[in-house]
Amino acid sequence: MTTISPESRVTPPHGTERPVPRWADITAHAIPLLLLPQCLWRLPFAFDFKMGMIDPNAPEWVWWAVPYVFGLSIVSEALALLSFGLVRGWGERVPRWLPGIGGKRIPPLVAVVPAVLGGLGATAFWAPTLLHWLNVPGFEGLGFSSIWWEVLAKVCITPGMLWGPLVLALTFAYYVRRCRPST
């Protein structure tokens, strides 16, 4: 007969101290996918293709537009992938392979503060565009040469507008899981 001592702990999937809600795990997987259409939509701008946007103040094309636009897309996706830290063990403990600090517990606020700032920043960044698209007075934006270019832009960009609010929701779930007593 096998007995289980009270000291032995069952580790939930993904190496977290407490189980991650299913919705939070799905949300962490969705965030990079929601940003992908926007990142792909942005790439033609690197080669001076305006995607139907009318901007009388647009600067002339420069060679560094290519690495800038591609880099912006890569950095956006890399930051989106950091949301996995809110639902995985590496967001609670430093990975063991890091010398000196590997395996140490990460204080919850070390993850919560940057995640809240990032979520609020992403929300604030996209709010003017959303308000322009909703025709709120005082929020002006660029025009498009046809309705089809505008529809394409909105289809590609709108999912990325959820990035900030979703990170904030994940951060709240992380905080509750790590800082509140278990029931």
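Asp 48 is partly exposed, because its relative accessible area of 37% falls between the limits for buried (under 20%) and exposed (over 50%), as found with a 1.4 Å probe on protein chains only. The structure is a predicted model, in which local features need pLDDT of at least 70 and side-chain atom pairs count only at pLDDT 80 or more, while totals for chains, interfaces and linings use all residues. Residues are numbered from 1 along each chain as its sequence is written, and side-chain values use heavy atoms, with hydrogens and water left out.

Asp 48 lies in the loop between α1 and β1 (53-54), where helices (H or I, at least four residues) and strands (E, at least two) are DSSP runs numbered from the N terminus. Although Asp 48 is not a glycine, it has a positive phi of about 70 degrees. Met 51 lies in the loop between α1 and β1 as well, and this residue, also not a glycine, has a positive phi of about 55 degrees. Met 51 is buried, with a relative accessible area of 8%.

## Trp 61 and its contacts

Trp 61 is placed in the loop between β1 and α2, and at 39% relative accessibility it counts as partly exposed. If residues up to four places away in sequence are not counted, Trp 61 touches Phe 45, Ala 46, Phe 47, Asp 48 and Val 66, where contact means heavy atoms within 4.5 Å. Trp 61 and Phe 49 are twelve residues apart in sequence, and their C-alpha atoms are 9.6 Å apart in space.

## Helix α3

Just after α3, Asn 135 takes a positive phi of about 60 degrees. Further along, Gly 138 sits in the loop between α3 and β2 (143-144) and is exposed, with a relative accessible area of 66%. Gly 138 and Phe 125 are 13 residues apart in sequence and 16 Å apart from C-alpha to C-alpha.

Trp 163 is buried, with a relative accessible area of 17%, and, leaving aside neighbours within four places in sequence, it is in contact with Ile 31, Leu 35, Ser 76, Leu 79, Ala 80 and Ala 122. Ser 76 lies in helix α2 and counts as buried at 10% relative accessibility. With neighbours within four places in sequence again left aside, Ser 76 is in contact with Leu 35, Cys 39, Arg 42 and Trp 163.

## Cysteines

A search of the whole structure finds zero disulfides, a disulfide being a pair of cysteine sulfur atoms within 2.5 Å. Cys 156 is in no disulfide, and the nearest cysteine sulfur, that of Cys 39, is 11 Å away. Cys 156 counts as buried at 12% relative accessibility, whereas Cys 179 is partly exposed, with a relative accessible area of 34%.

## The largest pocket

Rolling a probe the size of a water molecule over the atoms shows where empty space is left. On a 1 Å grid over the protein atoms alone, a pocket is an open set of points, where a 1.4 Å probe fits, with protein on both sides within 12 Å along at least five of seven lines, and lining residues have an atom within 4 Å of a point.

The largest pocket holds about 1200 Å³ of space, a volume being the space filled by probe spheres set on the points, which are joined across faces, edges and corners. Its lining has 36 residues, of which Trp 41, Arg 42, Met 53, Leu 72 and Phe 125 lie nearest the centre. Helices α1, α2 (65-81), α3 and α4 each supply at least two residues of this lining.
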